[in-house]
Amino acid sequence: MDDVCEGKDFSFPSQEEKILSWWDEIDAFKTQLERTKHLPEYIFYDGPPFATGLPHYGHILAGTIKDIVTRYQSMNGHHVTRRFGWDCHGLPVEHEIDKKLGIQSREDVIKKGIGNYNEECRGIVQRYVSEWEKTVLRMGRWIDFKNDYKTMDLSFMESVWWVFSQLYEKGLVYKGFKVMPYSTGCKTPLSNFEANSNYKDVPDPEIMVAFSVVDDPDAASFVAWTTTPWTLPSNLALCVNAGFVYLKVRNKFTGKVYVVAESRLVELPVEKVPSSSASGNANAKPKSSGTKAKNVETYEIMDKFSGASLVGRKYEPLFDYFIDYSPVAFRVVADDYVTDDCGTGIVHCAPAFGEDDYRVCMENGIIRKGENLVVAVDDDGCFTERIVDFSKRYVKDADRDIIQLLKQRGRLVKSGSFTHSYPFCYRSDTPLIYRAVPSWFVAVEKIKDQLLESNKQTYWVPDFVKEKRFHNWLENARDWAISRSRFWGTPLPIWISDDGEEIVVMDSIAKLEKLSGARVTDLHRHKIDHITIPSSRGPEFGVLKRVEDVFDCWFESGSMPYAYIHYPFENVELFENNFPGHFVAEGLDQTRGWFYTLMVLSTALFGKPAFRNLICNGLVLAEDGKKMSKRLKNYPPPSEVINDYGADALRLYIINSPVVHAEPLRFRKDGVYGVVKDVFLPWYNAYRFLVQNAKRLEVEGFPPFTPIDRQILQKSSNVLDQWINSATQSLVHFVRQEMDSYRLYTVVPYLLKFLDSLTNIYVRFNRRRLKGRTGEHDCRTALSTLYHVLLTACKSMAPFTPFFTEVLYQNLRKASDGSEESIHFCGFPSVEGRRGDRIEVSVDRMMKIIDLARNIRERRNKPLKKPLKEMVIVHPDKDFLDDIDGKLKEYVLEELNVKSLITCGDALKYATLRAEPDFSVLGKRLGKSMGAVAKEVKSFETETILAFERAGEMTVAGHVLKPSDIKITREFKPPGDVKKEDVDAEGDGDVLVVLNLQEDDSLVEAGIAREIVNRIQKFRKRIALEPTDSVEVFFRSSDDGFRDLSEWQETYIRDSLGCSLLPFELLPPDAVILGEETFRDVSNLGGGFSVALTRSSLAFDGDAVSKLYGGNGKFADGLRAYLVMRDPQNLKVEFQQGEGKIRVGCIEGLPSVDVVLGKHVFLSFGDYYLSSSSSSSSAAAAAAAASGE
């Protein structure tokens, strides 16, 4: 493996750019597809976005989800074709061209020519394709742009025709009307998107109108309220709410009788009597007032009845323009859309001008589906000749005259005006009206039960979107208007005769060519509108012409599973063997969009859903919770975030958020930085620690690092090796389980917790082993364990963070032969070896113990550098206590700086138990019995509480109580022989930690040694030394307590620093000093010390070297000069190979001699000092030197 830089010097964005270039060099995505082509197919449907705008965070989020799932499935033994798609037709494209060409109306398009208009549309469809490709690929997503699909492709459009033809053959297509926002200025219907883009505050009339009730003994009238008087000439029904209470009231002054909702009586006009009447003027006529005074003075209640009882009552129409509808119209119907928050509780219905009006009249048989609906307003927004009194008048201009006519006829009850927000056409800036327009429909209501059944066969994440939102949408599904009176889209394949009696639906280009004799190379309007078909009834019936409409673009995207592979004209086997598709993913808004159209078409065609698994994400909002807005600039551009922190950090940030659970995410750039700081840097540092210490083996003269086989590592006796191996297998098991269930939101937190455990438990607690302080074999075992764990973690994280895992993998693979070229060519890890639940639980509890003990130290102002004498661990689990007192003991003591550890299985020795009823749980359930139960629970003795915990339930005052009903608290109780201030404890309901806080002079030296090590290690970092840099530490104390540390704490210091503290006065005059520092007033330990760090250099026993040459000093100097000139690492290797001895015979003029390490020469001054100051033999010193200590 190659050396790696420090984390602070590692640029995630620049490393990602290098990986992108390398992927391009090896054609990684194509190579992966080629290598997996023999594997089972995993079919993923990618919903097509419009390419007329730039990608935003919503696209990045959905794309990341799709990439994670498809990468995982590819690593998990599937061939996953991923083709990008483009939605090319419809409003967004036409709108851009209208702005470019100054198009104001439908006539403008006709004048320009549909062909010219459509070619302009075609020309901008892929305006931002390069930006999309750049962003998508920069995010690490592997998807095929070269072999993409477009909804304007001939093959795609032909499959859309086939889909429609199948629906037509099944009797699921009919022609009807749909009430839509309509621009009278542009003479075209608008989508809801268009209608919502230009609102203005404008004044409009509001009136109450009286509809005379037929055959009512009191000559009563229904009173309806409206803000669109121009719709009244087309009134066909009145609608009430069956659940409301209605009143029949008489005006005391005029005698007029009205019917209104009880809750809306206050809205009727109040009669204001002139003051002259009070003086006896009986002829004074009351005046009507619009104030909401106490109208009980004006109206007397004659009767009260339910809305349901009014249903079916007939009334006299205001106008006779639709008198021919009398047999079925002009009657009262009921629907829940009538509310009591405005108006009179009675709504007038003109089905040609209101969506609810149309629906209610359809449901009540006043109009019929598929039949012609009389729309008494023409394309210009003017009344037709049917409305004789206002013919050719613009509807909004006619409001005033209609009100005046109603007043003359005595039908006007009240009039006024109000200002409200009203939609205007974004093109012509004229007020919109709602108007029924002819449309072709898919009869969705016919297959509603099948849709609900298809939905049951799908798996959604999160499931509440399927069970609630989507289910409810399907349950209330209405017939789907699939045609639009537009130009740039897939034309409806319907050819119809002039008399409407003959209809031919095309299912293919071949059929059109056969019936027309024309050559067809493009299916857009300007290429086929001129094509006619001879009537099958004979020449006298003329020819069939295509209807002008095009498909709603949602019909095209809903046809995507078939059209993107040109089914059924190609890829029949591929489709039929793999339908429904395995996976789709989009935002929550698609429950009423793409998810719905996919479900409708697949159920109608094949009786089953289009997909098996679905992930639905929420919305990405700006940090302030508002919608992201380019105008407001309330969010950072994606490119800025990627350039600052990298795509992997952005991927992980959005995936590890509520947005994957269909909830909103308030995007914070700081959150992306948090991922770098809290996830990637610790992960990188663990990897760097492995690489540094693997390289250290070579630096110290040992054979290069090669990871030990995993099967052998499974037998390691080290408890942390056992734990991390088990935790790694648990990770693989969990990730597989959750990814197979598409629960990405559970995977990421688990992965992050694992990485935290790896860096803060395994690496942190194993530093001595990993640095080789416990011997070469143990070091290689620890390094190999870390290597395999990191490799497995990288493979598990590869779908989530494709760049970073590739960077690490490319270096890790150099230590192992036979590795795959890219991590993304590897298989996803499988569970291998043993999973030890006990050891994982024990280590988790160990970390709880450490956290609890730290809390005590912090609370009692006892810093970690100050040693404590003793701690007690209290827990009833004997296996856990055995683990803590055995395998895990050294880690607890070292981490917490405590000298001894005692375990205790008797909780009552250190705690008292107290029981309290949980009033929030029991209050409602027990009612009046709560007092008696509470009193008895509070009186529980310790033995009673323990018996309750063992049994899991207990009957109290006649009520069975469970553990969730009673709160049991354990309060710390110091042992009788200990002062309260000398001990403290903390627990988490599972384990109790007790710390002995008594001062002990014998612990001071250990504290001083720990502080010295801490200061020297920080000093090494400050002077930019690498962990593998070998140095000598010369030490001088300014305090008597510090001066003797080498005798008392030498082992601890040498293990921690990798070298001994050498007396300052022995500092060689020719030593290369790397840094000097004096530390004064060290913490609260008193005193201070100075250190000098020097480069390690050879040391010689002069007498022993001289004896090699019989006392010849000149020869001895020559040998020393030769050895000093040698490379220290090469020299060390030679000594190791010679088992501590080398023969030197290459010095001209000097006889050959055997030089013994530890006798004649020492690899460091520290080795020489230890040897000379020790009573052990020189052979033992040589062995110690040979081992690298």
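This is a predicted model: local features need pLDDT of at least 70, side-chain atom pairs count only at pLDDT 80 or more; totals for chains, interfaces and linings use all residues.
D46, K66, R141 and E586 are joined by salt bridges into a network. Across the structure, 69 salt bridges are found.

Three further pairs were examined individually. In helix α35, which spans residues 1004-1022, E1011 and R1015 are set four residues apart. That spacing corresponds to about one turn of the helix. The two side chains meet in a salt bridge, with an N to O distance of 3.0 Å. E1011 is buried, its relative accessible area being 2%.

R769 pairs with D778. The closest N and O atoms of this salt bridge lie 3.1 Å apart. The two partners fall into separate burial classes. R769 has a relative accessible area of 6% and counts as buried because the cut-off for that class is under 20%. D778, with a relative accessible area of 23%, is partly exposed.

E916 is partly exposed, with a relative accessible area of 26%. R914 is likewise partly exposed, at 35% relative accessibility. Neither residue counts as buried, because each value lies between the 20% and 50% limits.

Conventions
Residues are numbered from 1 along each chain as its sequence is written. Side-chain values use heavy atoms; hydrogens and water are left out. A salt bridge is a side-chain nitrogen of Lys or Arg within 4 Å of a carboxyl oxygen of Asp or Glu. Buried means under 20% relative accessible area, exposed over 50%, partly exposed in between (1.4 Å probe, protein chains only). Helices (H or I, at least four residues) and strands (E, at least two) are DSSP runs, numbered from the N terminus.
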